[in-house]
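Trainee: Please take me through the terms used for this model, one by one, with the cut-offs behind them.

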Amino acid sequence: QVHLVESGGGSVQSGGSLRLSCAASEYTYSSNSMGWFRQAPGKEREGVVVIDSDGSTSYADSVKGRFTISQDNAKNTLYLQMNSLQPEDTAMYYCAARKKAGWPKLLLLKSAAFIYWGQGTQVTVSS
């Protein structure tokens with residue numbers, strides 16, 4: 001059964017940190033292609049960071065050096081450590097899993113690349 005549950009969102013001041021978690025069912029986690037996306041009000045969903053089946057990662061330029069994706073295979077959990085948060089990071093953050101067959105690696109940060117999605121967790125950064 002497909003199941004993705006995000007947690008860890010909240011409200012922080014500029015410069016603060018948060019760690020998001022995505023608990024996945026064994027089926028979705030075993031795909032080994034997962035990622036974090038975000039969507040601010042009035043904007044399209046955008047890729048934050050993805051990890052492909054070979055372990056390679058791709059980060060959006062806007063978060064490089066500040067955000068880090070990691071996994072705990074024993075817990076079927078994906079994490080997103082977010083440091084030096086800025087007001088422009090305010091958004092609903094979504095966990096995604098299982099990329100579509102044949103999807104180009106270079107386009108993994110596109111939301112259309114993934115099949116399964118969590119319900120999202122809100123991150124609000126105040127200045």
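**Strands, bridges and burial**

Mentor: Let's start with β1 and β3, which run antiparallel and are joined by 4 bridges. Bear in mind that this is a predicted model: local features need pLDDT of at least 70 and side-chain atom pairs pLDDT 80 or more, while totals for chains, interfaces and linings use all residues. Residues are numbered from 1 along each chain as its sequence is written, and side-chain values use heavy atoms, with hydrogens and water left out.

Trainee: What makes β1 and β3 a pair?

Mentor: Two strands pair if DSSP finds at least two bridges between them. With 4 bridges, β1 and β3 meet that definition. In β3, Ala 23 is the bridge partner of Val 5, and Cys 22 is the bridge partner of Glu 6. As for the names, strands are DSSP runs of E with at least two residues, and helices are runs of H or I with at least four, numbered from the N terminus.

Trainee: In what order do the strands of the open sheet come?

Mentor: The order is β1-β3-β8-β7, 4 strands with antiparallel pairing. β3 and β8 pair over 6 bridges, and Cys 22 stands opposite Leu 78 in β8.

Trainee: Why are β1 and β7 called edge strands?

Mentor: Each of them pairs on one side only.

Trainee: Why is Ser 21 called buried?

Mentor: Buried means under 20% relative accessible area, exposed means over 50%, and partly exposed is in between (1.4 Å probe, protein chains only). Ser 21 has 16%, so it counts as buried. It sits in strand β3, where 5 of the 7 residues are buried. Leaving out residues up to four places away in sequence, Ser 21 touches Val 5, Glu 6, Ser 7, Trp 36, Thr 77, Leu 78 and Tyr 79; contact here means heavy atoms within 4.5 Å.

Trainee: How do you know that Cys 22 and Cys 95 form a disulfide?

Mentor: The definition asks for a pair of cysteine sulfur atoms within 2.5 Å. The sulfur atoms of Cys 22 and Cys 95 are 2.1 Å apart, so the pair qualifies. A search of the whole structure finds 1 disulfide. Cys 22 is in strand β3 and Cys 95 in strand β9, 73 residues apart, so the label "distant parts of the chain" goes with the strands as DSSP runs. Both cysteines are buried.

Trainee: Why is the disulfide called left-handed?

Mentor: The torsion about the S-S bond of Cys 22 and Cys 95 is about -75°, so left-handed is the word.

Trainee: What makes Arg 38 and Asp 89 a salt bridge?

Mentor: A salt bridge needs a side-chain nitrogen of Lys or Arg within 4 Å of a carboxyl oxygen of Asp or Glu. For Arg 38 and Asp 89 the closest N and O atoms are 2.9 Å apart, so the pair passes. Arg 38 is in strand β4 and Asp 89 in the loop between β8 and β9, 51 residues apart. Both Arg 38 and Asp 89 are buried. They also belong to a network of salt bridges with Glu 46 and Arg 66.

Trainee: How many salt bridges does the whole structure have?

Mentor: The search finds 7. Among them, Asp 52 and Lys 99 come within 3.0 Å at the closest N and O atoms. Asp 52, at 5% relative accessibility, counts as buried, whereas Lys 99, at 23%, is partly exposed. Lys 105 and Asp 54 meet at 3.1 Å, N to O. Lys 105 lies in the loop between β9 and β10 and Asp 54 in the loop between β5 and β6, so this pair ties together parts that are 51 residues apart in sequence.

Trainee: Is Asp 54 buried or exposed?

Mentor: Exposed: its relative accessibility is 54%. Lys 105, at 39%, counts as partly exposed.

Trainee: Which residues have the most contacts inside the largest nonpolar core?

Mentor: Met 34, Trp 36, Leu 80, Met 82 and Tyr 93, in a core of 25 residues. Such a core is a set of buried Ala, Val, Leu, Ile, Met, Phe, Trp, Tyr and Cys residues joined through side-chain atoms within 4.5 Å. The elements giving two or more residues to this core are β3, β4, β5, β7, β8, β9 and β11. Apart from it lies another core of 6 residues, including Val 50 and Phe 114.
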